[in-house]
Amino acid sequence: MTLAARLQGRAWVDGMPLFAPVDLALAMGGWTCLLGPSGVGKSTMLRLVAGLDTGVSFQGTITRNLPVALMAQDPGLIPWLDVTENVTLGARLRGTLSPSFMSKYPGGGPQGPGAEPPTANPASRAAALIEAVGLTDRAHHRPDSLSGGQRQRVALARTLFEDRPLVLLDEPFSALDARTRAQMQDLSARLLANRTVLLVTHDPAEAARLGDRILLLREEGLTEWPAPPPRPTGAARPYDAPEVLALQADLMRGMMA
Amino acid sequence: MKTVLALILTVLALWQGLIWLAGMPPFLLPAPAAVAEALWLNRIEIARNAGFTLTEVVLGFTLGSVIGAALAVAMGFSARLTGILRPILTFSQTIPVFALAPILTLWLGFGMAPKIAMTVLIVFFPVAAAFLDGLGRTPQAALDLAQVMGASRGRIMRHLRIPAALPHLATGLRLAAVYAPIGAVIGEWVGGARGLGALMIHANGRMKTDLVFAALLVLSVMTVIFARLVSVALSRIWRRYGV
């Protein structure tokens with residue numbers, strides 16, 4: 001079976017080992033949670049898979065068979081662009097936005113017979129995604145007038161706009177308060193249901209809610225956690241279910257060990 | 001506004017007081033009234049020369065800003081080019097413009113060209129330095145996204161790095177607007193019959209110190225207004241882009 005991505009190797013920072021030799025293989029589909037404390041190289045692994053600069057010396061091989069989208073703790077919103085323009089940033093940066101886009105959005109482009117199918121039109125796609133993350137009334141707001149949770153919603157809509165089969169999430173909810181975090185987990189589980197997701201997190205509760213597969217990264221290396229019970233399709237596990245809380249406690253023990 | 005007015009009045013009073021107390025002759029330090037009189041009597045000549053200087057300043061500032069910004073963008077694209085150009089640019093700033101003025105006059109003649117060249121030399125550096133600094137400060141999160149999204153270097157420059165660096169560019173431009181008249185005046189000073197600098201040199205040679213002061217006053221006011229206009233224009237433009 002083809003893997004979505006695979007990272008085999010080890011890394012050093014300034015001559016000091018960052019992580020021991022690991023073999024991180026991402027199967028197609030589902031959420032893989034890479035759980036571990038800060039400073040063990042989780043984000044570095046994700047950045048290596050994404051093909052980004054890491055500032056570490058990496059020795060090994062990285063293969064990736066799917067196009068990728070990225071969402072990180074810093075939502076990376078562009079302050080001078082409004083929500084719609086931020087969601088369509090990828091199209092702007094690839095030069096695939098029509099020059100008349102700015103005057104057209106968010107009307108959804110031409111309507112009626114002969115109109116382009118909605119999926120082909122960036123304006124209507126952006127409008128639909130902004131609606132999906134519940135920010136329709138904010139479509140023309142700039143990031144500085146949004147709350148932290150709303151900014152991550154914009155980042156999620158932007159990630160979905162990219163429409164890539166592999167999505168890399170680098171602690172995307174870490175800076176949010178507990179309630180907003182839980183809501184974002186629910187929303188992300190729903191909207192990213194059909195994609196292969198690698199979620200880097202230091203939060204055992206998050207891994208317990210979202211992981212179809214949980215990998216524990218510690219200084220000693222990468223260990224695969226026993227497969228958790230199946231997750232409802234397109235949803236996170238309930239945050240208050242006893243088995244989820246038990247899994248969270250187990251993961252915490254694993255991290256402390 | 002009130003404090004500015006009070007400040008001006010205080011300076012004028014001290015100035016006049018100094019003349020009364022020390023009994024300074026007018027060719028050393030003319031009284032405020034004498035300067036005002038020289039300003040009024042020579043208003044046509046001063047206005048004409050101020051016009052030349054202003055033209056040189058505006059042209060030199062515009063050209064210098066464009067050159068400075070273009071240099072910054074080019075250097076922003078290439079670390080290698082930055083490595084080559086940065087020491088050259090820094091070196092260019094160690095040469096006193098005053099020493100260059102006679103050479104530029106020799107090369108470019110007695111017309112406006114050497115004055116504009118002097119202004120360009122003074123203007124381009126703060127613009128390039130500030131803008132380049134800004135181009136290197138795009139938030140890493142945005143650059144990471146752009147890379148994963150498959151953006152070309154040119155589009156990253158156009159859509160992310162340049163807009164993010166506009167406040168830095170504005171800082172450089174504001175600074176350059178204040179310095180620009182220095183270049184023009186030094187150029188006029190060294191070689192030229194027109195402009196406030198030339199007027200000052202000639203008046204100084206004929207001991208018409210009151211006229212020197214009048215021209216200086218006009219130059220200062222002109223510089224303040226020019227710098228203010230540039231600053232206001234930049235704020236307006238940036239606000240439209242929401243930077």
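Trainee: Which residues does Leu198(A) touch, leaving out those up to four places away in sequence?
Mentor: Leu198(A) touches Leu26(A), Thr32(A), Leu34(A), Leu46(A), Val49(A), Leu168(A) and Leu169(A). Touching, or being in contact, means C-beta atoms, placed from the backbone, within 7 Å. This is a predicted model: local features need pLDDT of at least 70, side-chain atom pairs count only at pLDDT 80 or more, and totals for chains, interfaces and linings use all residues. Residues are numbered from 1 along each chain as its sequence is written, with chains lettered from A and ligands numbered from 1 in the order in which they are written.

Trainee: Which members of the largest nonpolar core touch the most other members?
Mentor: Leu168(A), Leu198(A), Phe131(B) and Ala215(B), out of 125 residues. Such a core is a set of buried Ala, Val, Leu, Ile, Met, Phe, Trp, Tyr and Cys residues joined through C-beta atoms within 7 Å. Buried means 20 or more other C-beta atoms within 10 Å of the residue's own, exposed means 12 or fewer, and partly exposed is in between, with C-beta atoms placed from the backbone.

Trainee: And which helix gives the most to this core?
Mentor: H6 of chain B, residues 113-135, with 16 residues. Helices (H or I, at least four residues) and strands (E, at least two) are DSSP runs, numbered from the N terminus.

Trainee: How do the axes of H3(B) and H6(B) cross?
Mentor: At roughly 35°, coming within 6 Å; H3(B) covers residues 43-77. Axes are lines fitted to C-alpha atoms, for helices over the stretch in contact, and angles run from 0 to 180 degrees between N-to-C directions.

Trainee: New topic. How many helices and strands in chain B?
Mentor: 10 helices and 0 strands. Of its 243 residues, 38% count as buried.

Trainee: Where does UniProt place the domain in chain B?
Mentor: The unreviewed entry puts "ABC transmembrane type-1" at residues 50-230. UniProt positions are in the numbering used here, feature names are shortened, and annotations may be inferred rather than shown by experiment. In the model, the end C-alpha atoms of that span lie 18 Å apart, and the span is 87% helix.

Technical notes:
Contact = placed C-beta atoms within 7 Å.
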